[in-house]
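Got a minute to go over where the labels for this one come from? Take a look first, then we'll run through the questions.

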Amino acid sequence: MIKGRKVILDSIQEQDLLTVYNIIQTEDVGPALSTTVKELNLASLGKFLFTTEPGTECKVFVIKYNDEVVGFVTLNNIHTIRHNAYIGMIAIDPTCKEKLLGLNALRTIIDYAFNYLNLHRLYGHTFSNNKRMNALYDRGGWIHEGTEREYAFYDGEWIDREIWGILRTEYKG
Ligand SMILES: CC(C)(COP(=O)(O)OP(=O)(O)OC[C@H]1O[C@@H](n2cnc3c(N)ncnc32)[C@H](O)[C@@H]1OP(=O)(O)O)[C@@H](O)C(=O)NCCC(=O)NCCS
């Protein structure tokens, strides 16, 4: 269990899968995470969350607020020799009205990655039309490292994907 200022991150358990699945099924969350989300079902959810490159590890946490699961965050491609990892997904249940949970969960996982896992670099991808997540990275001091043009085709159009990165020495907390 990792304690943030506002949220707690807990390793995902089997009984959390349905809640996480229901969050992903919402219009606000699913398409922001993946253009292949329509193929996802409850049976394939574990594989979807724990996707990681060969030779790397992966951790999946539920985000808890007031003892309730309100979202999830994944740290994928954890490379213990290169000391880097990927913020694969982060999501907050859109029906949860409490503010700043996403921001707090992101800060909590960054603290954990740099100060507990001793990582040096984190990176994340987000679709260009995802204003909220791009703002979260930008305002959090992440560096915009590039744009993958026309990365995916979704709902009849090509969409770009932004690459964000942050080094341990750049992170202000
Ligand atoms: C993206 C997402 C996780 C953000 O979480 P959230 O709980 O909605 O957002 P928060 O309330 O924590 O924070 C966002 C706000 O903090 C602001 N903020 C971001 N970084 C900040 C910082 N370092 N300091 C102060 N404020 C900051 C943002 O500008 C934003 O302000 P606004 O409410 O005026 O728009 C959430 O909207 C979500 O689940 N979206 C769908 C899934 C998704 O897009 N995931 C990302 C792709 S993997």
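**What the labels rest on**

Q: What share of the protein's residues count as buried, and what makes a residue buried?
A: Out of 173 residues in the protein, 32% count as buried. A residue gets that label if 20 or more other C-beta atoms, placed from the backbone, lie within 10 Å of its own; 12 or fewer makes it exposed, and in between it is partly exposed. Bear in mind that this is a predicted model: local features need pLDDT of at least 70, side-chain atom pairs count only at pLDDT 80 or more, and totals for chains, interfaces and linings use all residues. Residue numbers start from 1 along each chain as its sequence is written.

Q: How do you know whether the radius of gyration agrees with a compact globule?
A: The rule, taken over C-alpha atoms, is 2.2 Å times the number of residues to the power 0.38. For 173 residues a compact globule would come out near 16 Å, and the protein has 15 Å, so the two agree.

Q: What makes a pair of residues a contact, and what percentage join residues at least 24 apart?
A: Their C-beta atoms, placed from the backbone, have to lie within 7 Å. Among contacts between residues at least 6 apart in sequence, 58% join residues at least 24 apart.

Q: By class, what is in the shell around the ligand?
A: There are 13 nonpolar, four polar and four charged residues. Nonpolar means Ala, Val, Leu, Ile, Met, Phe, Trp, Tyr, Cys or Pro; charged means Asp, Glu, Lys or Arg; the others, Gly among them, are polar.

Note on methods:
Contact = placed C-beta atoms within 7 Å.
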